[in-house]
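Subject: Structure for you, plus notes

Hi,

Here is the structure I said I would pass on. Have a look at it first, and then read my notes below.

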Amino acid sequence: MKLLSHLVNWSIEKSTVSPYQKVAHIRPKLKKPSADPQDMKNFRPVSNMSYIAKITEKVICNHLTEFCQENHLNNDLQSAYRKGHSTETALTKVQDDLLRAVDREGGAILILLDLSAAFDTIDHDLLLNVLQCRTGICDRALAWFKSYFEDRQQAVIINEAVSNNRKLRWGVPQGSILGPCLFSIYVEPLATLIRGDGLGYHQYADDTQIYLPFDPKSADSVSAALRAITEGTKKIKNWMEHRFLKLNETKTEVVIITRPSLTEYTPSTVCIAGR
């Protein structure tokens, strides 16, 4: 334990992450048991890190989480990887918002946004900028994160075959401890954009749900809601493109919720990001 403590403390004091801690072995795993194993899109690239790398990340993650809590930097509507916030609390919040919208207006439009390879496309320079300018990470702490991203490498392992190491120029490792926390910080500014358009929302890691109430019996209310959804998702897509995140319109789902007596008034088409 003393040796482990020494290695972790050395990393923090020197603002340096050792090269051997920045090598990940990826073992692809099927996202769903029923998925076609011949389609590479159905695999999740889970990174296996060294033991000491995970311990170091755990310590840094605890410090980062505590810093964000003390400085009120957390987005209350981001439920992932936070104590007291889970899939259960996220579902409860979204369900309650939708039920209240239906009780108040008669209906609501729910958009389940889907991102393609979200963890793999994060730009390191942009993330460091968010950590510095939005979160307030600076000096030695910021230098540690710079070292964390520099010269990261990964290899893919399938059965007994191992690929050559390749540099990881973008993204945060899936399966790491810090990766999900850093992703949440990276996409946190998206909440400000969504709120600015008057849309309700909730986030869980790379999943974002946006919703808007409407009155099914009012043509003006329906038109206004559809227009707000179209323009709002256009802005979201544009924001994501500037940060190298890809909104997958083909997998984004739309759910229209109304009282049973008002289903005949629901719109037949909802335009997402101009499509």
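About 320 Å³ of space lies in the second largest pocket. Its lining has 17 residues, and those closest to the centre are Cys68, Leu73, Asn74, Ser184 and Ile185. Two elements give two or more residues to this lining: helix H2 (51-70) and helix H6 (178-187). Sorted by class, the lining of the second largest pocket has seven nonpolar, seven polar and three charged residues. Do keep in mind that all of this comes from a predicted model.

Now for the largest pocket, whose volume is about 1,000 Å³. It is lined by 29 residues, with Lys31, Arg44, Asp114, Leu115 and Asp206 lying nearest its centre. Which strands supply at least two residues each to that lining? They are strand E2 (43-48), E3, strand E4 (115-116) and E9.

Four strands make up an open sheet in the order E8-E9-E3-E11, with antiparallel pairing. Strand E8 (200-204) and strand E11 (253-258) are at the edges with a single partner strand each, so one side of each has no neighbour in the sheet. On average, neighbouring strands of this sheet are turned by 15° against each other, ignoring direction.

Strand E3 (residues 107-113) is joined to E11 by six bridges, and to E9 by seven. Both pairs run antiparallel. If you want to pick out individual pairs, Ile111 has Val254 as its bridge partner in E11, while Leu110 stands opposite Tyr211 in E9. How much of E3 is covered? Mostly, it is: six of its seven residues are buried.

Helix H3 (residues 87-105) lies across E3, E8, strand E9 (207-214) and E11, and runs at about 15° to E9. Helix H7 (residues 189-196) also packs on the sheet, where it touches E8 and E9, and its direction makes about 165° with that of E8.

I also looked at a couple of single residues. Thr208 lies in strand E9. Is Thr208 buried or exposed? Its relative accessibility is 5%, so with the cut-off for buried set at under 20%, Thr208 counts as buried. Not counting residues up to four places away in sequence, Thr208 touches Ile111, Leu112, Leu113, Leu190, Ile194, His202 and Gln203.

The other residue is Ala118, found in the loop between E4 and helix H4 (124-133). Ala118 is buried as well, with a relative accessible area of 4%. What does Ala118 contact, leaving aside its neighbours within four places in sequence? The residues are Phe183, Asp206 and Leu245. For the pair Ala118 and Phe183, the separation is 65 residues in sequence and 8.5 Å in space, C-alpha to C-alpha. One of those contacts also ties back to the pockets: Asp206 touches Ala118, and Asp206 is among the residues nearest the centre of the largest pocket.

That's what I have for now.

Cheers

Terms used:
Residues are numbered from 1 along each chain as its sequence is written. This is a predicted model: local features need pLDDT of at least 70, side-chain atom pairs count only at pLDDT 80 or more; totals for chains, interfaces and linings use all residues. Side-chain values use heavy atoms; hydrogens and water are left out. Two strands pair if DSSP finds at least two bridges between them. Axes are lines fitted to C-alpha atoms, for helices over the stretch in contact, and angles run from 0 to 180 degrees between N-to-C directions. Contact means heavy atoms within 4.5 Å. Buried means under 20% relative accessible area, exposed over 50%, partly exposed in between (1.4 Å probe, protein chains only). On a 1 Å grid over the protein atoms alone, a cavity is a set of points where a 1.4 Å probe fits but cannot get out, and a pocket is an open set with protein on both sides within 12 Å along at least five of seven lines; lining residues have an atom within 4 Å of a point. Grid points are joined across faces, edges and corners, and a volume is the space filled by probe spheres set on the points. Ala, Val, Leu, Ile, Met, Phe, Trp, Tyr, Cys and Pro count as nonpolar, Asp, Glu, Lys and Arg as charged, and the others, Gly among them, as polar.
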